Amino acid sequence: MSDLQIGLIALGVLLILLVLGFNWWQDRRVRRKMQSHFPTSEQDPLLGAGAGAAAGTAAAAATATTRREPGMGGDAPRAPGQPAPVDPGSDADDAEEPDPACEVVIEINFAEPVRGADLLPYMQSLRHVGRKPMRVFAETDQRRHRARVHAGESYASMQLAVLLANRSGPLTAIEWSQAWARAQDMAERFDATIEGPDQQAVLEQGARLDDTCAALDTQVGLTLMLGAAQPAAEVLAVARDSGFVSDGNRLAWPAENGVTRFTLSRADGAAFDAGMGGVERLYLLLDVPCAPADTRAFGRMVDVGRDLASRLRAELVDDQGKPLADGSETVIDERLQVLFEQLEQAGLPAGSERAQRVFA
């Protein structure tokens with residue numbers, strides 16, 4: 001073997017050793033960064049600090065600092081009854097958390113804390129993937145759980161919760177890939193790592209949830225035939241005087257807790273205050289999974305429908321265009337009680353935030 005060959009072999013070995021040494025040094029540097037944000041403790045920080053010895057009083061419950069698993073919030077308005085997030089900088093955790101029964105979580109762990117002001121410009125892109133909403137939650141560098149990102153805080157991690165199913169169907173492979181791609185984009189922008197479940201397991205879980213919801217999804221409608229067209233403004237005034245409140249293009253009849261019992265809409269789908277045209281037909285709709293359980297859920301809507309019919313000189317008919325038979329509301333309410341019980345047993349209580357999320 002010539003001196004040149006020996007020299008080339010020696011040079012190759014030296015280069016390999018240099019690459020291995022550089023990789024080892026890089027690994028130690030990253031580990032030191034991660035350990036600086038996740039200090040060692042006898043207690044696993046993901047499991048929380050414990051409930052404390054005296055959890056029986058309201059004061060203790062209000063001041064407890066039990067660690068919650070990172071939840072998935074967003075910048076969207078709160079649903080009725082949903083707890084409000086705490087003020088930025090508070091030592092208390094936000095109460096809202098992800099819902100593992102209907103959401104799947106992607107974790108984003110930052111190598112260094114990231115300012116909320118730097119994260120906020122990217123929140124808009126994290127609201128939806130396809131037809132599935134996402135919620136964004138975060139954990140501050142002080143180990144506080146947040147349901148929203150605030151400009152004045154810094155965050156050690158962020159979580160994306162993707163809805164597994166809704167009325168558009170189960171989460172698809174394309175939607176899941178889009179969510180994963182957006183998490184990867186955040187990781188690249190802010191030097192982070194991401195973790196999430198296997199795609200096949202996610203799609204199977206979404207399909208199971210969709211099957212359950214499809215078997216329980218029920219809506220009951222009534223129609224108000226106004227005959228001659230009536231001014232939309234007058235119809236709106238009568239509906240509001242009856243107790244309806246605005247809800248986008250439609251009107252809602254709220255329960256005591258603010259959750260919608262049933263809705264009133266124009267047949268053309270337009271808003272009541274849109275344009276100068278008249279209204280000839282109105283739809284009353286009871287969205288059973290999204291309405292609170294009620295022994296007179298349908299009967300209550302019938303009562304309101306008959307009152308509106310009287311005020312608007314209209315005829316109240318069923319979804320087949322036939323006048324309501326005497327006692328029909330009692331029969332339908334009995335059937336709805338069975339459905340309310342089935343929703344409860346399936347873990348989707350009627351009118352709950354979970355039910356409103358997946359039946360949207």
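This is a predicted model: local features need pLDDT of at least 70, side-chain atom pairs count only at pLDDT 80 or more; totals for chains, interfaces and linings use all residues.
From a patch we can turn to a pair of helices. Two packed helices are described by the angle between their axes and the distance between the axes. The axes of helix α4 (residues 173-190) and helix α5 (residues 199-216) come within 10 Å and cross at roughly 130 degrees, and α4 and α5 are therefore oblique to each other, with a crossing that is right-handed.

A further helix, α7 (residues 297-312), contains G305, which at 0% relative accessibility counts as buried. Although G305 and L222 are 83 residues apart in sequence, their C-alpha atoms are 7.9 Å apart in space.

Charged side chains come next. Side chains of opposite charge can pair when their charged atoms come close, and a search of the whole structure finds 21 salt bridges. Among them is the one in which the side chains of R144 and D93 meet, at 3.1 Å from N to O. R144 lies in the loop between β3 and β4 and D93 in the loop between α2 and β1, so the pair ties together parts that are 51 residues apart in sequence; both R144 and D93 are buried.

Another salt bridge joins R300 and D294, at 2.8 Å from N to O; here R300 is partly exposed, with a relative accessible area of 27%, whereas D294, at 10%, counts as buried. These two residues also belong to a network of salt bridges that links E256, R261, D294 and R300.

Methods. Residues are numbered from 1 along each chain as its sequence is written. Side-chain values use heavy atoms; hydrogens and water are left out. Axes are lines fitted to C-alpha atoms, for helices over the stretch in contact, and angles run from 0 to 180 degrees between N-to-C directions. Helices (H or I, at least four residues) and strands (E, at least two) are DSSP runs, numbered from the N terminus. Angles under 35 degrees count as roughly parallel, over 145 as roughly antiparallel, 65 to 115 as roughly perpendicular and the rest as oblique. A crossing is left-handed if the near helix is turned anticlockwise from the far one by less than a right angle, and right-handed if clockwise. Buried means under 20% relative accessible area, exposed over 50%, partly exposed in between (1.4 Å probe, protein chains only). A salt bridge is a side-chain nitrogen of Lys or Arg within 4 Å of a carboxyl oxygen of Asp or Glu.
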